[in-house]
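Subject: Model handover

Hello,

Please find the sequence and model below. My notes on what was found follow.

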Amino acid sequence: MGRRSRPPGRGSRAERPGRRRDRRGRAERLGRYGWRWRRNPLRRRSDLIEAWLGLLTAVLLCATPLLGWWAGHSVDRALQRVVRTENAQRKLVRAEVLDPPEGGVKVADKVGTADPRRGDLLRWTSRDHKSVYTAPVSPDIEVWRDGRIWLWADRSGELVPPPLDAATATTHAVLAGTTAGSASAGFVFLTRQLLMWRLMRRRLAGWERDWARVGQDWGRAGAGG
């Protein structure tokens, strides 16, 4: 008697029907999405251009986060230099409140951002203690610490805006990087849409020329349609 053949089990090399269907499905999907890359009678030049355009768009979109990071890093380095420079050049100087004289106030020559139309009459001394200034100062630029008034001034004693802090610089850098990445991605997408629109117009024009050359003869007597 001959030996009976056993059905293929889990360890057998025979392929299951489900696996064959999966492979067939993957092959069909690959053929459906990659037919533009293979030589075939139905592929036109515009189809190949569309395939390359899609690949280039995908690569550029993957590179937009790197561009955003580079832009944000560059802006952060520039702003951090500004932070160090302004903190080195601008210091807080103590100011004293004075009672305005009856005959009016004689404003000093260098008052910076002081607004003579409103504010308290203040007197402050430059960092080198060589110049003393007296002028009405807007409350918007006054800094209160420990019950005293301080003003931001440069080396010569002229009033200046507060220096840029590191947290604000980092925030601006993050916003700049995000804007650069988003803008570059939008530019790539809009450029692709414009090229696809031009490509579709050329494709439709080619179809019209082919139809005009072949002729629409179906339905007419003797045309064989």
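Helix 2 and helix 3 cross in the right-handed sense (the near helix is turned clockwise from the far one by less than a right angle). The contact between helix 2 and helix 3 involves 19 nonpolar, eleven polar and five charged residues (Ala, Val, Leu, Ile, Met, Phe, Trp, Tyr, Cys and Pro count as nonpolar, Asp, Glu, Lys and Arg as charged, the others, Gly among them, as polar). Helices (H or I, at least four residues) and strands (E, at least two) are DSSP runs numbered from the N terminus.

This is a predicted model: local features need pLDDT of at least 70, side-chain atom pairs count only at pLDDT 80 or more, and totals for chains, interfaces and linings use all residues. Residues are numbered from 1 along each chain as its sequence is written, and side-chain values use heavy atoms, with hydrogens and water left out.

Strand 2 (residues 120–125) pairs with strand 3 (residues 132–137) in the antiparallel sense over six bridges (pairing requires at least two DSSP bridges). D120 is opposite V137 in strand 3. Six residues separate the strands of this hairpin, and H129 in the turn has a positive phi of about 60°.

Regards
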